Amino acid sequence: DIFIAKFFRNFKKGFYVDVGALHPINGSLTYLLYQKGWNGINIDMMQENLKLFNIFRKRDINLDVAVSSSKGSINAYLFEVGSGVNTNQLKIAKKWKSKINKNFIRRKVKKNTLNNILISNKVVEDFDFLNIDVEGNELNVLQSLNFDKYNPKIICVEIHDTNKMYTYDENAIKNNPIYIFIKKAGYKKIWNKEFSFIFKKDR
């Protein structure tokens, strides 16, 4: 969040899209931008999390939906409120259940493509910041966006090997489908700290 705030230090106003937003303040990569006067869209598939956004981020559009490759419904595997490991991947949910020794609930939630969400909310094509942290569904989120139409200035995305549960390997990361997809979309890596990678549009 500090790197992102510094990157946009000369932007008094801007627009962000946060997919897997989780919490309006704690651990948020957009809260410092919101404090500067920015606004945007926060997306999370847990209704309880969005209630906090509606209280603390009143200038934002806060959407209770899962982002995926198509419109419809999908299973969400949800842990306690504020948990950062909610997912729609059962395999990942079971691994987290074993790792943190907590149960999850299964809930049917609405899903939509990121492209549809941006169009319906009249988001400008060159908006400023896209953040994606959705526990194993990152590639589907990216593939649901038309990069011929939308060009966020920077993208932050979590990249890791879900089979090894957050074991960091620089070489493996570069061969990850998410990393390859973003590079092909015309972005270059400008920063990373273990699993969080920030890419800038390579104009």
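Which residues does Leu 139 touch, not counting residues up to four places away in sequence? I looked this up and found Pro 177, Ile 178 and Phe 181, where contact means heavy atoms within 4.5 Å.

**Ground rules.** I am working on a predicted model, in which local features need pLDDT of at least 70, side-chain atom pairs count only at pLDDT 80 or more, and totals for chains, interfaces and linings use all residues. Residues are numbered from 1 along each chain as its sequence is written, and side-chain values use heavy atoms, with hydrogens and water left out.

**Leu 139.** I placed Leu 139 in helix H6, residues 138-143. Helices (H or I, at least four residues) and strands (E, at least two) are DSSP runs numbered from the N terminus. Leu 139 has a relative accessible area of 23%, so I logged it as partly exposed. The classes are buried under 20% relative accessible area, exposed over 50%, and partly exposed in between, with a 1.4 Å probe and protein chains only. I also noted 18 Å between the C-alpha atoms of Leu 139 and Ser 73, which are 66 residues apart along the chain.

Ile 182 lies in helix H8. Its relative accessible area is 0%, so Ile 182 is buried. Leaving out residues up to four places away in sequence, I found Ile 182 touching Leu 142, Val 157, Tyr 187 and Phe 199.

I then turned to Phe 147, in the loop between H6 and S8. Phe 147 counts as buried because its relative accessibility is 13%.

**Cores.** Which members of the largest nonpolar core touch the most other members? I listed Val 17, Val 19, Ile 43, Leu 114, Leu 118 and Leu 130, out of 31 residues. Such a core is a set of buried Ala, Val, Leu, Ile, Met, Phe, Trp, Tyr and Cys residues joined through side-chain atoms within 4.5 Å. Elements that each supply at least two residues of this core include strand S1 (15-19), helix H5 (114-120), H6 and helix H8 (177-184). A second, separate core has 10 residues, among them Tyr 34, Trp 38, Phe 129 and Cys 156. Leu 130 is in contact with Cys 156, and also with Val 17, Val 19, Leu 114, Leu 145, Pro 152, Ile 154 and Ile 155, leaving aside neighbours within four places in sequence.

**Largest pocket.** I recorded a volume of about 560 Å³ for the largest pocket. On a 1 Å grid over the protein atoms alone, a pocket is an open set of points where a 1.4 Å probe fits, with protein on both sides within 12 Å along at least five of seven lines; lining residues have an atom within 4 Å of a point. Grid points are joined across faces, edges and corners, and the volume is the space filled by probe spheres set on the points. Of the 38 lining residues, Val 19, Gly 20, Ala 21, Leu 22 and Asp 133 are the closest to the centre. By class, I have 19 nonpolar, 13 polar and 6 charged residues in the lining. Here Ala, Val, Leu, Ile, Met, Phe, Trp, Tyr, Cys and Pro count as nonpolar, Asp, Glu, Lys and Arg as charged, and the others, Gly among them, as polar.

In helix H3 (residues 47-56), I found Asn 49, Leu 50 and Phe 53 buried. They fall within an arc of 95° seen down the axis, so they line one face of H3. The arc is that of the directions from the helix axis to the C-beta atoms. S2 and strand S3 (61-64) are among what covers these residues.

In helix H4 (residues 90-100), the buried residues are Ile 92, Ala 93 and Trp 96. Their arc is 100°, so they too line one face of the helix. They pack against strand S5 (72-78). The face turned away carries the exposed residues Lys 91, Lys 94 and Ser 98.

**Positive phi.** Asn 101 follows H4. Its phi is positive, about 55°, although Asn 101 is not a glycine. At a relative accessible area of 70%, Asn 101 is exposed.
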